[in-house]
Amino acid sequence: MKKDFVYLASASPRRSELLRQIGVPFEVRLAAIPEEPLPREAPEAYVLRLAAAKAGAVFATLGVSELRPVLAADTAVVLDGAVLGKPADVREASQMLERLSGRSHRVLTAVALQCGDSVATLHSESEVRFRATTQPERLAYCATGEPFDKAGGYGIQGHAAVFVESLQGSYSGVVGLPLFETAALLARAGVQTWLTARAA
């Protein structure tokens with residue numbers, strides 16, 4: 001299998017930007033999979049399962065001449081033990097933001113790398129605390145359109161940064177691709193980043 005680039009199993013522009021940040025050549029290749037949690041599935045197990053499933057689904061579509069490692073990730077915002085998904089509309093987004101207001105929540109992001117028949121996974125866990133927000137602020141944020149493709153209804157790298165009082169853990173993990181864990185998986189598989197290329 002060639003390792004001159006990887007397939008990124010995500011349409012997220014944020015994950016693409018983060019992968020470029022560490023100097024990894026990639027091509028976006030998508031495969032749809034169901035994203036509903038299984039009954040009584042722990043949030044950690046949920047993100048790890050989905051990341052591995054995304055990588056496996058894309059790898060299964062590759063022809064022999066196309067074989068390259070496939071990188072995938074999945075992010076979950078967890079409050080009171082429950083996973084907050086992507087809001088469907090303004091009402092749901094505003095409700096999510098109200099629940100997060102003045103509280104801490106966990107952000108879990110799993111990353112998976114499939115090479116051949118094997119898939120390796122790692123995950124990051126961060127704690128994010130929101131300051132208290134008002135209903136006009138939450139509605140104004142919803143009006144930006146940012147909440148609707150993001151777990152938990154917000155993006156820390158966007159306008160919602162003004163709501164974040166503190167962060168403990170991985171900023172890139174909260175954005176959607178934990179770079180420490182991603183670089184570790186790529187290094188183990190022999191895929192170069194900017195650092196390993198310069199060290200060679």
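The largest share of the lining of the largest pocket, four residues, comes from strand β3. A pocket is an open set of points on a 1 Å grid over the protein atoms alone, where a 1.4 Å probe fits, with protein on both sides within 12 Å along at least five of seven lines; lining residues have an atom within 4 Å of a point. This is a predicted model, in which local features need pLDDT of at least 70 and side-chain atom pairs count only at pLDDT 80 or more, while totals for chains, interfaces and linings use all residues. Residues are numbered from 1 along each chain as its sequence is written, and side-chain values use heavy atoms, without hydrogens and water.

The lining of the largest pocket has 35 residues, and Arg-15, Glu-35, Lys-54, Lys-86 and Asp-149 lie nearest the centre. Elements that give two or more residues to this lining are α1, α2 (43–59), β3, β4 (82–84) and α5. Helices (H or I, at least four residues) and strands (E, at least two) are DSSP runs, numbered from the N terminus. The space in the largest pocket is about 670 Å³.

Helix α1 spans residues 13–21, and its buried residues are Arg-14, Arg-15, Ser-16, Leu-18 and Leu-19. Buried means under 20% relative accessible area, exposed over 50%, and partly exposed in between (1.4 Å probe, protein chains only). At the start of α1, a side-chain oxygen of Ser-12 comes to within 3.2 Å of the backbone nitrogen of Arg-14. Just after the helix, Gly-23 has a positive phi of about 70 degrees.

Aromatic rings come next. Rings of Phe, Tyr and Trp (its six-membered ring) pair if their centres lie within 6.5 Å; planes under 30 degrees apart count as stacked, over 60 as edge-to-face and the rest as tilted. By this rule there are four aromatic pairs. Ring pairs link Phe-130, Tyr-141, Tyr-154 and Phe-163 into a cluster.

The loop between α4 (135–143) and β7 (164–168) also holds Thr-144. The side chain of Thr-144 reaches the backbone oxygen of Tyr-141 at 2.6 Å.

Definitions and conventions. A polar contact is a pair of N or O atoms within 3.5 Å; within protein, one must be able to donate a hydrogen and the other to accept it, and residues adjacent in sequence count only if both atoms are side-chain atoms. Grid points are joined across faces, edges and corners, and a volume is the space filled by probe spheres set on the points.
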